[in-house]
Amino acid sequence: MSVFFNTCEVFLESGFVFSLIAMGYYLSYTILDFPDLTVEGTFLSGAVVYGLLLHHGVSPWFALLAAFLVGFLFGTLTGVLNVKLKIRPLLCGILVSTMLITVNLVAVTAGIAGDFKGETSSMITIGRAMETLMEVFPASLLPDKVSGIGLRNVVVFFVLAILLKLLLDLFLKTKCGLLLRASGDNAQFVVTQAKDAGNSKILGLAIGNAYAAVSGALYTEISGSVNQSMGIGMVVIGLASLIIGLSVFSRVHFMKATTKVIIGAIIYQACLTVAQKLGMPSAYNKLIMAFIFTIALIFSEYKKHGKHRAKHRERKESSHD
Amino acid sequence: MIELRNITKIYNPGEITEMTLFHDFSLTVEDGEFLSIVGSNGSGKTSMLNIICGSIPIEKGEIIINGKNIAGTPEFRRYTNIGRVYQNPSMGTCPSLTITENMALADNKGGKFGLSMGVNKKRIAYYREMLSTLGLGLEDKMDIRAGSLSGGQRQAMALLMTTMTPIDFLILDEHTAALDPKTAELIMQLTDKIVREKKITAMMVTHNLRYAVEYGNRVIMMHGGNVVFDRKGTEKAATSVQDLLGLFNEISIECGN
Ligand SMILES: Nc1ncnc2c1ncn2[C@@H]1O[C@H](COP(=O)(O)OP(=O)(O)OP(=O)(O)O)[C@@H](O)[C@H]1O
Ligand SMILES: [Mg+2]
């Protein structure tokens, strides 16, 4: 029984944490139709900022906010490259995340040892001496474990995921959010509303990456450290969670897309965790990740086939005038 | 007043497909004019509207709106006092937003798009009332997505939405072309009513010669990047579909078709 609860604990924790990337993707990929590869870099940036600030004794809540802002900033950069400099979406993501490899590395060595050459250790261990999110108010009020089963982490991550989900839902209902949805839907319409659709796009990418960075920051609470390879695979995790969530519940209309996405993230993590518990060596992790994602894609494409073709047709028609 | 002065427009300049559409093209549309534009395919009607709105760049010339040369103004800024309805009904609304959300966006044109609620609950009754004037039953399904409406319904909404906020100019490019005859007639009447009531200066491209004759107070015919026929006032009122059709044939014969 305790194996079961332990398994649940593992995938719920990571599910809630990664659901933030997936929510970010809901904004950039689903709404704005922008396949954003920047998240591999911003996920790690979030972790780096969080780890560094914790290392220097800054309040974890403040560090979380800082991670959000840093993600926002680099997302803005991707947006500006695409909107103002007309670079293709995929390339913008590749450019910014490549640049971030250096930035993230040097940020750690400089922040820890004052080394701007990036030659010292680039790892941050979230040690006992540091005050983490779980040890400060209000998380500290919760019992860490209940009869041997971890509770605090799951609850904190759950509350944060819900909070960020509600914020995103609320934002999408504001005038600014409405305009953003409109620019993903019909950019020309936004232009005839005398608004620059590009600005909405930049904002969407900024928020998407801010969410990815917060996800990275929270992930350090699970992994106990910041290492430079943390961001690898985040595009797949985010997209897979998003697509699983949206396709499994495609016929459920009362549920908000952001809720579906959180559940999608949990389903995805559950599959991965179960595979591991069944004895799959951890070296095979990424292979399984890609495999499950592929299945999810085939499943959702199959379901959406008719709709996709209709959309394609519509695009073709509109390009005629 | 819209004034196009000595416009030169070249498509694909410097390439083998280079094509000069407009050379020293000029046209003045006075305030209060409702101008119908007819002309064969490829005569430059859409291009002219695109030039006014800034959707395509020009090589030379001035675009003067209300006394100011806007040739360098980006497209989105020009729409502050211009409204536009396209031939394709899906261009005028956002498919995944509800009718209410679409109306709310249009209602806020020219305003700030900040963090206040997108749909102002107090305005919904007004939206409903406006929609009910269309007689299409849209007022009863304001919470469904615009994407699930028919082309005619969307076009009617688009027209309503572009003219919700005060605009000086209305640009219509074959906006009834994708509609069935009955809905097209309805949209035309609605257009006429809005243009009169709000005293908007309108430019309407149409291939329906009857609309060009029945509606508006000026008609021009374009051909090969030139205005080949221009009538206004009583002269326009005396123009018949036969006159326009005759002219059309004349031009085609000249071109050797
Ligand atoms: N993007 C473009 N690139 C190159 N040539 C173009 C482009 N758009 C239009 N043209 C050319 O300019 C000419 C005028 O086209 P335009 O679309 O303005 O015609 P139109 O009068 O609106 O015709 P229609 O009645 O078919 O809508 C055509 O010969 C067309 O081939
Ligand atoms: Mg045309």
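Predicted model: local features only at pLDDT ≥ 70, side-chain atom pairs only at ≥ 80, totals over all residues.
**Figure 1. Overall view of chain A, with its eleven helices and four strands.** The radius of gyration of chain A is 20 Å, close to the 20 Å given by the globule rule for 321 residues, so the chain is as compact as a globular protein of that length. Along the principal axes, the C-alpha atoms of chain A fill a box of roughly 65 × 50 × 35 Å. Of the 321 residues in chain A, 51% are buried. Among contacts in chain A between residues at least 6 apart in sequence, 73% join residues that are at least 24 apart.

Figure 2. When neighbours within four places in sequence are left aside, Ser200(A) is in contact with Leu32(A), Leu179(A), Leu180(A) and Ser183(A).

**Figure 3. The interface between chain A and chain B.** Here 23 residues of chain A are in contact with 33 residues of chain B. The size of an interface is often given as the accessible area lost when the parts come together. Between them, chain A and chain B bury about 2,600 Å², with 62% of this area on carbon and sulfur atoms. On the chain A side, Lys175(A), Leu178(A) and Phe189(A) supply 24% of the area that chain A buries against chain B, more than any other three residues.

**Figure 4. The open sheet of chain B, formed by four strands in the order 2-1-4-5.** The pairing in this sheet of chain B is antiparallel. Strand 2 (19–29) and strand 5 (68–69) of chain B stand at the edges with a single partner strand each, so one side of each lacks a neighbour in the sheet. Helix 1 of chain B (residues 45–53) packs on the sheet and touches strand 1, strand 2 and strand 4 of chain B. The direction of helix 1 of chain B makes about 115° with that of strand 1 of chain B.

**Figure 5. Strand 1 of chain B and its pairing with strands 2 and 4 of chain B.** Strand 1 of chain B is mostly covered, with seven of its ten residues buried. Strand 1 (residues 2–11) and strand 4 (residues 60–65) of chain B pair in the antiparallel sense over five bridges; Ile65(B), in strand 4, is the bridge partner of Ile2(B). Strand 1 and strand 2 of chain B also run antiparallel and are joined by seven bridges. In strand 2 of chain B, Met19(B) is the bridge partner of Tyr11(B).

Figure 6. Asn50(B) has a relative accessible area of 15%, which is under the 20% cut-off, so the residue counts as buried. Not counting residues up to four places away in sequence, Asn50(B) touches Ser55(B), Ile56(B) and Arg84(B).

Note on methods: Residues numbered from 1 in each chain as written. Chains lettered and ligands numbered in written order. Heavy atoms only, no water. Pairing = 2+ DSSP bridges. Helix = DSSP H or I, 4+ residues; strand = E, 2+ residues; numbered from the N terminus. Contact = heavy atoms within 4.5 Å. Axes fitted to C-alpha atoms, helices over the stretch in contact; angles between N-to-C directions. Rg over C-alpha atoms; globule rule 2.2 N^0.38 Å. Buried < 20%, exposed > 50% of the residue type's maximum accessible area, 1.4 Å probe, protein only. Buried area = accessible area lost by both parts, 1.4 Å probe.
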